Amino acid sequence: MKEINQALLKKVIIERSRSSHKGDYGRLLLIGGTYPYGGAIIMAAIAAVHSGAGLVTVATDQENIPALHSQLPEAMAFAVTDQELLTEQIAKAGVILLGTGLKDNDLGTHLVQLVFDRVQPHQVLILDGGAISLYTRLALPLPQAQLVFTPHQKEWEAMSGLAIADQGEEATRQSLSQLPPASILVQKGPQTKIWEQEQTDYYQLSVGGPYQATGGMGDTLAGMIAGFTGQFPQVSLYERVVVATYLHSAIAEDLSKEAYVVLPTTISQEIPKWMKKWSDKDQVTSTENRK
């Protein structure tokens with residue numbers, strides 16, 4: 001088991017170049033939030049923007065867009081049923097988050113099949129929530145893309161065929177070997193593990209707790225992973241996913257010192273402050289010296 005330490009955080013979250021612009025920090029497309037799960041994609045989009053994503057576009061139910069823009073005017077949005085625009089945005093995106101708040105119905109099936117058909121090898125495709133359920137139920141062949149899976153325990157049970165009680169290290173390692181090379185698995189649970197296919201070792205979170213057991217927590221994590229994925233090209237995709245996952249629970253743990261339950265949207269509000277802390281070398285050094 002690998003340790004998620006300060007050195008890894010500082011390696012990933014680096015100071016931004018003064019000559020950079022929004023195009024340098026990721027072009028994200030988030031697809032989901034179909035009725036009645038509109039809040040899920042909103043929380044994912046909030047997390048992605050607060051994680052520093054340069055350009056965030058959301059494809060969701062038309063009725064969901066006013067609520068999204070009232071909370072997050074920084075994101076672009078369009079009706080997920082607009083086939084022409086959706087196809088165009090899939091081609092433009094560097095990172096696609098598919099499935100957050102996506103209902104398992106005919107529309108959901110069409111969207112997953114469309115993305116699987118259109119995504120390209122140079123793009124990152126993050127499969128979350130409804131996309132995992134649909135991919136598993138329909139036994140769809142996975143596309144050639146850089147794949148990240150974010151299943152909770154029941155979704156991993158469906159994907160792997162492993163009952164929750166049987167989701168140990170060796171069994172998970174064997175199941176992961178069936179996925180395409182370099183696939184990344186965020187195995188969410190009481191002790192979340194982050195795996196990369198073909199790697200024998202994995203990272204496990206040492207932070208987080210039951211104060212995170214509330215709706216929207218996974219949606220916010222998916223948005224953070226998407227936000228980090230679009231940035232930090234100086235490190236591997238795996239390291240970006242690991243640090244995003246860690247930061248999500250580390251913020252929650254800190255907030256739990258004064259809160260019985262930590263709301264996902266509260267975590268998102270704190271993300272920029274924590275990223276600033278880890279990108280500020282002087283502040284991190286000062287913090288380390290006080291320990």
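Predicted model: local features only at pLDDT ≥ 70, side-chain atom pairs only at ≥ 80, totals over all residues.
View 1. The structure holds 5 aromatic pairs. Tyr135 and Phe149 form one that is tilted, with 6.2 Å from centre to centre and 45° between the planes. This pair links distant parts of the chain, since Tyr135 belongs to helix H6 (residues 130–138) and Phe149 to strand E6 (residues 146–149), 14 residues apart. Ring pairs also bring in Phe116, which together with Tyr135 and Phe149 makes up a cluster.

**View 2. Salt bridges that join separate parts of the chain.** The structure holds 8 salt bridges, and two of them are shown here. In one, the side chains of Asp104 and Arg137 meet with an N to O distance of 2.8 Å. Asp104 lies in the loop between strand E4 (95–100) and helix H5 (106–118), whereas Arg137 is in helix H6, so the pair ties together parts that are 33 residues apart in sequence. Asp104 counts as partly exposed, at 37% relative accessibility. In the other, Lys188 forms a salt bridge with Asp128, and the closest N and O atoms are 3.9 Å apart. Because Lys188 is in the loop between strand E7 (184–187) and strand E8 (193–196), while Asp128 is in the loop between strand E5 (124–127) and H6, this pair ties together parts that are 60 residues apart in sequence. Lys188 counts as buried at 15% relative accessibility, and Asp128 is buried with a relative accessible area of 3%.

View 3. The side chains of Glu88 and Lys92 meet in a salt bridge, at 3.3 Å from N to O. The two residues are separated by about one helical turn, because they stand 4 residues apart in helix H4 (residues 83–92). An α-helix has 3.6 residues a turn, so residues three or four places apart point the same way. Glu88 counts as partly exposed at 36% relative accessibility, and Lys92 is also partly exposed, with a relative accessible area of 44%.

**View 4. Charged side chains over aromatic rings.** The charged end of Arg16 sits over the ring of Tyr25, at 3.6 Å from the ring centre. Lys277 lies over the face of Trp274, with a distance of 4.0 Å from the ring centre.

**View 5. The loop between helices H10 and H11.** Leu263 is found in the loop between helix H10 (237–255) and helix H11 (264–279), and is partly exposed, with a relative accessible area of 44%. Together with Tyr260 and Val261, Leu263 makes a nonpolar surface patch of about 370 Å². Ala259 lies in the loop between H10 and H11 and is partly exposed, with a relative accessible area of 28%. The C-alpha atom of Ala259 is separated by 26 Å from that of Gly52, a residue 207 residues apart from Ala259 along the chain.

Conventions. Residues numbered from 1 in each chain as written. Heavy atoms only, no water. Patch = residues over 30% accessible without salt bridge, like charges linked within 9 Å, V, L, I, M, F, W, Y side chains within 5 Å. Areas by Shrake-Rupley, 256 points an atom, 1.4 Å probe, with all protein chains shown as cover. Salt bridge = Lys/Arg side-chain N within 4 Å of Asp/Glu carboxyl O. Buried < 20%, exposed > 50% of the residue type's maximum accessible area, 1.4 Å probe, protein only. Phe/Tyr/Trp six-rings, centres within 6.5 Å; stacked < 30°, edge-to-face > 60°. Lys NZ or Arg CZ within 6 Å of the ring centre and 35° of its normal.
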